[in-house]
Amino acid sequence: MKRIIVSGVLVCATTLALADAAIGKARAATACAVCHGPQGLSMQPNVPHLAGQPEIYLVEQLRNYRSGKRTHEVMGVIAKTLSDQDINHLADWYASLQLSVQER
Ligand code: HEC
């Protein structure tokens, strides 16, 4: 019985995480993709990739831009428009993307 309850909670948590990532994806498409690429892979040499970065890292960077602890003219302005929830959704989406790496 206990096991059934625990797995029920896990399923809910996974479903919620997927829902968050979907919300983040929609937001990223309009607010971030122009610079960071539609799949989080930047096409510009001065813009970092976000795809596959750990969620905890992305959340921390966005909060730091917002608070001014990390300074950047453009990202500072953008991060100020984001709530904690927006940041979590966006970080969920970028962290959910998987990369494969190849040596040249
Ligand atoms: C106008 C272009 C532009 C847009 C739009 C933009 N970014 Fe950025 N972003 C940048 C640049 C340039 C940097 C590198 C800044 C630096 O050197 O600190 C950056 C850095 C970041 C970083 C830090 C990455 C790292 O490796 O440390 C995160 C996280 C990030 N952006 C998230 C977002 C999110 C989420 C959005 C949409 C809400 C967004 N950005 C929209 C240009 C942009």
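The following points describe the predicted model shown above.

1. Basis of the note. The structure is a predicted model, in which local features need pLDDT of at least 70 and side-chain atom pairs count only at pLDDT 80 or more, while totals for chains, interfaces and linings use all residues. Residues are numbered from 1 along each chain as its sequence is written.

2. Overall fold. The protein has five helices and zero strands, in the order α-α-α-α-α along the sequence. Helices (H or I, at least four residues) and strands (E, at least two) are DSSP runs, numbered from the N terminus.

3. Of the 104 residues in the protein, 19% are buried (20 or more other C-beta atoms within 10 Å of the residue's own; exposed means 12 or fewer, partly exposed in between; C-beta atoms are placed from the backbone). Among contacts (C-beta atoms, placed from the backbone, within 7 Å) with a separation of 6 or more, 59% join residues 24 or more positions apart.

4. Glycine 52. This residue lies in the loop between α2 (33-36) and α3 (55-67). Glycine 52 is partly exposed because 16 other C-beta atoms lie within 10 Å. Beyond its neighbours within four places in sequence, glycine 52 contacts Leu97, Gln98 and Leu99. The C-alpha atoms of glycine 52 and serine 96 are 6.4 Å apart, although the two residues are 44 residues apart in sequence.

Notes. Contact = placed C-beta atoms within 7 Å.
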